[in-house]
Amino acid sequence: MDGSKPSISRRSVTVAAALVGLVSLAIGAHAALNKRSLDAAKAIATEQNSDVATKTSRVALVIGNGHYPDAAAPLAQPINDARGLTSALRGKGFDVDVVEDATKDDMARAIGRLKSKIKPDSVVMLFFGGYGVQVGRQSYMIPVDAAIWKEADVRRDGVSIEAVLDAMKEQGAKVKLVVVDASRRNPYERRFRSYSHGLAPISAPENALILTSATPGKVADDSKGQYSVLMSELLNNLAAQAGLETAFNKTRVTISRASEGEQVPSVSSSLLEDVSLGG
């Protein structure tokens, strides 16, 4: 027998090399495809996380109180205002908790929920529509179940706007926004005062913006529209994509001019820069 090893033709070597090259190319292409897919997945996840972060960093508590047992007739506009503003804010990416005809317990629970959502980068808004009373240089939101016969009852049954602002600050909110449409003649103050004083001046803490429906110490009459004068104008200005301080000031000027100075909303700002809500 011939003990020599069988020879391998050059053609076989060439074919084998080509096959190895094709396999290598296929593996490389597959790896590149996997990398691109992984990169794309990471990009999508990052974008989704960014969207979630943006949404969760905007939170609002919207309260509309209209049915007060002590009032001669229900207030229609506060609830309409609450619903209109809720829709507008949700369109701007806000996580909105809306409460209608809130008792004091309802309001306390809602404020607790708001506090739990606030993060250091949060833009936080409080809206209250209904009756408000000032006592001791503070302005109180009045729940529908308040039993007010003397000034001390306001402190007991009302909810201080300043206290909610303090809670926002303590939770580390980046921007604090307050809109209050409660400067109405109410059925409570006449029991211990000769006339309604409206709201007290609400001082803006650091990086805060506050809009109220009337000058401190003044009251404003309701219109006959679906929304209050304040909310109707504010919704128009929010829809115009203006910065918030710009929108609040335009609201104040427009209402003041239209009423020939009979109703002059108040704007208090300590913003470091105007806040844009985008779309």
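This is a predicted model: local features need pLDDT of at least 70, side-chain atom pairs count only at pLDDT 80 or more; totals for chains, interfaces and linings use all residues.

The side chain of Ser213 is joined to that of Asp181 by a polar contact of 3.2 Å.

When residues up to four places away in sequence are left aside, Ser213 touches Val180, Asp181, Ala182 and Ser183, together with Leu230, Gln263, Val264 and Pro265.

## The open sheet

Six strands make up an open sheet of mixed pairing, arranged in the order S2-S1-S3-S7-S8-S9. Strand S2 (95–100) and strand S9 (266–269) are at the edges and have a single partner strand each, so one side of each is left without a neighbour in the sheet. Direction ignored, neighbouring strands of this sheet are turned against each other by 10 degrees on average.

Strand S7 (residues 175–181) pairs with strand S8 (residues 208–212) in the parallel sense over five bridges, and Leu177 has Leu209 in S8 as its bridge partner. Helix H5 (residues 161–170) lies across strand S3 (123–129), S7 and S8, and runs at about 165 degrees to S7.

## Strand S1 within the sheet

Strand S1 (residues 58–64) pairs in the parallel sense with S3 over seven bridges, and also in the parallel sense with S2 over six bridges. Ile63 has Phe128 as its bridge partner in S3, whereas the bridge partner of Val59 in S2 is Asp95.

How many of the seven residues of S1 are buried? Seven of the seven are buried, and the strand is thus described as mostly covered. In a regular strand, side chains alternate between the two faces of the sheet. Here Arg58, Ala60, Val62 and Gly64 point one way from S1, while Val59, Leu61 and Ile63 point the other way, and all of these residues are buried.

## Packing of H2 against H6

Helix H2 (residues 77–91) packs with helix H6 (residues 229–239) at an angle of about 10 degrees, their axes lying 10 Å apart. Because angles under 35 degrees count as roughly parallel, H2 is roughly parallel to H6. On the H2 side the contact is made by Asp81, Gly84, Leu85 and Ala88, and on the H6 side by Met231, Leu235 and Leu238. The residues of this contact comprise five nonpolar, one polar and one charged.

Methods:
Residues are numbered from 1 along each chain as its sequence is written. Side-chain values use heavy atoms; hydrogens and water are left out. Axes are lines fitted to C-alpha atoms, for helices over the stretch in contact, and angles run from 0 to 180 degrees between N-to-C directions. Helices (H or I, at least four residues) and strands (E, at least two) are DSSP runs, numbered from the N terminus. Angles under 35 degrees count as roughly parallel, over 145 as roughly antiparallel, 65 to 115 as roughly perpendicular and the rest as oblique. Contact means heavy atoms within 4.5 Å. Ala, Val, Leu, Ile, Met, Phe, Trp, Tyr, Cys and Pro count as nonpolar, Asp, Glu, Lys and Arg as charged, and the others, Gly among them, as polar. Two strands pair if DSSP finds at least two bridges between them. A polar contact is a pair of N or O atoms within 3.5 Å; within protein, one must be able to donate a hydrogen and the other to accept it, and residues adjacent in sequence count only if both atoms are side-chain atoms. Buried means under 20% relative accessible area, exposed over 50%, partly exposed in between (1.4 Å probe, protein chains only).
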